[in-house]
Amino acid sequence: MKEKVFVMIKPDGVRRKLVGNIISRIERKGLDINRIEMRKVPEELAKKHYEEHMGKPFYDDLIEHITSGPSVLMEVEGQDAIEAVSAMVGNTDPNKALPGTIRFDYAQSKTYNIIHRSDSHQSAEREIMLFFK
Ligand code: GTP
Ligand code: MG
């Protein structure tokens, strides 16, 4: 099924100059980048985006990190795009992610894990609305 997914290269990914590499992986896979924008996510938006994690021990660090500099925001579309991007990104914990995934290849910590992607059709719709509408 052709579907859309929200993808965000987090500030650590931008700072480490991984934007080109990550875009390249998405394109190489055959997915379409419908929208792309580099922008610093304001605190209010970061909190809305991550509201399900409010109160968890890592929440404050997560919000601080996401608002610490520009992120690259994308709407990506293609065949089973949610599953495809999820496989490319890998496990939340970079040391549990498979070699060849973005998180295994470039990250060491769960807070600084380079990239976010919507994990379901429902969160994709919600996040595309939140960041682009
Ligand atoms: P996202 O694509 O960013 O949503 O990652 P995810 O779906 O793999 O993980 P989840 O939605 O559970 O958590 C959102 C973000 O919170 C993760 O990407 C991490 O940056 C952070 N996070 C989640 N769990 C932990 C944790 O146990 N420790 C720390 N330090 N950060 C966490
Ligand atoms: Mg998630």
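A polar contact here is a pair of N or O atoms within 3.5 Å. I kept that cut-off at hand while going through this predicted model.

**Entry 1: ligand contacts.** I began with Tyr50. One of its polar side-chain atoms sits 3.2 Å from an oxygen atom of ligand 1. That is within 3.5 Å, so I logged the pair as a polar contact. Next I checked Arg103. Its side chain places an N or O atom 3.0 Å from an oxygen atom of ligand 1. Then I looked up Arg117. There, the distance from a side-chain N or O atom to a ligand 1 oxygen is 2.9 Å. I also noted the cover: ligand 1 on its own has 590 Å² of accessible area, and the protein covers 80% of this.

**Entry 2: the shell.** Which residues are around ligand 1? I listed Lys10, Tyr50, His53, Phe58, Leu62, Thr92, Arg103, Lys110, Thr111, Asn113, His116 and Arg117. I sorted this shell by class and got 3 nonpolar, 5 polar and 4 charged residues. I then turned to the pockets. The largest pocket is the space that ligand 1 takes.

**Entry 3: Lys2.** I moved on to strand 1, which runs over residues 2-9 and includes Lys2. Is Lys2 buried or exposed? I found a relative accessible area of 55% for Lys2. The cut-off for exposed is over 50%, so I recorded Lys2 as exposed. Last, I checked Lys2 against Gln79. They are 77 residues apart along the chain, yet I read 4.3 Å between their C-alpha atoms.

Terms used. Residues are numbered from 1 along each chain as its sequence is written. Chains are lettered from A and ligands numbered from 1 in the order in which they are written. This is a predicted model: local features need pLDDT of at least 70, side-chain atom pairs count only at pLDDT 80 or more; totals for chains, interfaces and linings use all residues. Side-chain values use heavy atoms; hydrogens and water are left out. A residue is near a molecule or strand if one of its heavy atoms lies within 4 Å of it. A polar contact is a pair of N or O atoms within 3.5 Å; within protein, one must be able to donate a hydrogen and the other to accept it, and residues adjacent in sequence count only if both atoms are side-chain atoms. Accessible areas come from the Shrake-Rupley method with a 1.4 Å probe; for residues, only the protein chains shown count as cover. On a 1 Å grid over the protein atoms alone, a cavity is a set of points where a 1.4 Å probe fits but cannot get out, and a pocket is an open set with protein on both sides within 12 Å along at least five of seven lines; lining residues have an atom within 4 Å of a point. A molecule sits in a cavity or pocket if more than half of its atoms lie within 2 Å of its grid points. Ala, Val, Leu, Ile, Met, Phe, Trp, Tyr, Cys and Pro count as nonpolar, Asp, Glu, Lys and Arg as charged, and the others, Gly among them, as polar. Helices (H or I, at least four residues) and strands (E, at least two) are DSSP runs, numbered from the N terminus. Buried means under 20% relative accessible area, exposed over 50%, partly exposed in between (1.4 Å probe, protein chains only).
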